[in-house]
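Dear colleague,

I am passing on the structure we spoke about, together with a summary of what came out of going through it. Please have the model open beside this message as you read.

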Amino acid sequence: RERYEAIGSYFGNTGPGNDRLKAIEAYRQGVALGDYEVSAHNLAILLESQRQFAAADSAYVQSATHETPPNFATFQQLGFQYVIEGKYAEADSVVGVYVKARTPVAGMQFVHATVLYQRGQADSARAFAAQLDTASNLFDRSQAIDFVGQIDESAGKLKQAYAELTRGNAI
């Protein structure tokens, strides 16, 4: 398994010509040997970059269902992948599964806020993200403030957006 992780990493990240097809094949072989935590996760990222969304979804799900404890990054990427595909119910479901399995993380809540925004519920997305402004983790807090600022910016509220973005960057 480690061999295929190394080959996938070499060709997917740093190898000559950055040969993603060789990296994808190596990660597929790693998954076939039962390496869901690393190979399936990295396979999903590469498939997503190749716009092979259905295959990426499948690899993310394989990774997410075999990781113990659940990996935040895998769940968040799967949630955002569903948002990109317009599968909003699935994105919210991923958030729910993760939150039940682990302590809620503000970063997972951004998936839900993004779903609200993509559904045209910008005010609800803004209000939801603004609640995360109280997060104890400073990174999560700055992300929440930036998210609110970006929503304000897209709504043409430039002074308000500038104030939020400046406050987020100050953290």
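A helix here is a DSSP run of H or I that is at least four residues long, and helices are numbered from the N terminus. In that numbering, Ser-142 belongs to helix α9, which covers residues 138-154. Please bear in mind throughout that this is a predicted model.

Overall layout

The protein chain contains 10 helices and zero strands, so that, by the DSSP assignment used here, the pattern read along the sequence is α-α-α-α-α-α-α-α-α-α. Its C-alpha atoms fill a box of roughly 50 × 35 × 30 Å along the principal axes. Of the 171 residues in the protein chain, 41% are buried. When contacts between residues at least 6 apart in sequence are considered, 42% of them join residues at least 24 apart.

Leu-47, in helix α3, counts as buried because its relative accessibility is 1%. Leaving aside residues up to four places away in sequence, Leu-47 touches Ile-24, Arg-28, Gln-52, Ala-55, Ala-56 and Ala-59. With the same exclusion of sequence neighbours up to four places away, Met-108 touches Phe-72, Phe-75, Gln-76, Val-94, Val-95 and Tyr-98.

Helix α8

In helix α8 (residues 122-131), the buried residues include Ala-125, Phe-128 and Ala-129. Seen down the axis of α8, its buried residues fall within an arc of 95°, and they therefore line one face of the helix. The face turned away from this buried side carries Asp-123 and Gln-131, which are exposed.

Helix α9

Helix α9 has 17 residues and reaches 24 Å from its first C-alpha to its last, which is close to the 24 Å expected at 1.5 Å a residue. Asn-137 caps the N-terminal end of α9, with a side-chain oxygen 2.7 Å from the backbone nitrogen of Phe-139. Just after α9, Gly-156 takes a positive phi of about 85°.

The buried residues of α9 are Asp-140, Ser-142, Ala-144, Ile-145, Asp-146, Phe-147, Val-148, Gly-149, Ile-151 and Asp-152. Ser-142 is placed in this group because its relative accessibility is 11%, where buried means under 20%. Not counting residues up to four places away in sequence, Ser-142 touches Gly-168 and Ile-171.

Aromatic pairs

The count of aromatic pairs comes to two. In one of them, the rings of Tyr-10 and Phe-11 have their centres 5.0 Å apart and their planes at 80°, so the pair is edge-to-face. Tyr-10 counts as partly exposed at 40% relative accessibility, whereas Phe-11 is buried at 17%.

Phe-110 and Phe-147 form a tilted pair, with 5.7 Å from centre to centre and 35° between the planes. Because Phe-110 lies in helix α7 and Phe-147 in helix α9, this pair ties together parts that are 37 residues apart in sequence.

A backbone detail

Which residue has a positive phi although it is not a glycine? That residue is Arg-51, with a phi of about 65°. Most residues other than glycine have a negative phi. Arg-51 is found in the loop between α3 and α4, and at 63% relative accessibility Arg-51 counts as exposed.

Technical notes:
Residues are numbered from 1 along each chain as its sequence is written. This is a predicted model: local features need pLDDT of at least 70, side-chain atom pairs count only at pLDDT 80 or more; totals for chains, interfaces and linings use all residues. Side-chain values use heavy atoms; hydrogens and water are left out. Contact means heavy atoms within 4.5 Å. Helices (H or I, at least four residues) and strands (E, at least two) are DSSP runs, numbered from the N terminus. Buried means under 20% relative accessible area, exposed over 50%, partly exposed in between (1.4 Å probe, protein chains only). The arc is that of the directions from the helix axis to the C-beta atoms. Rings of Phe, Tyr and Trp (its six-membered ring) pair if their centres lie within 6.5 Å; planes under 30 degrees apart count as stacked, over 60 as edge-to-face and the rest as tilted. The expected span of a helix is 1.5 Å times one less than its number of residues. A polar contact is a pair of N or O atoms within 3.5 Å; within protein, one must be able to donate a hydrogen and the other to accept it, and residues adjacent in sequence count only if both atoms are side-chain atoms.
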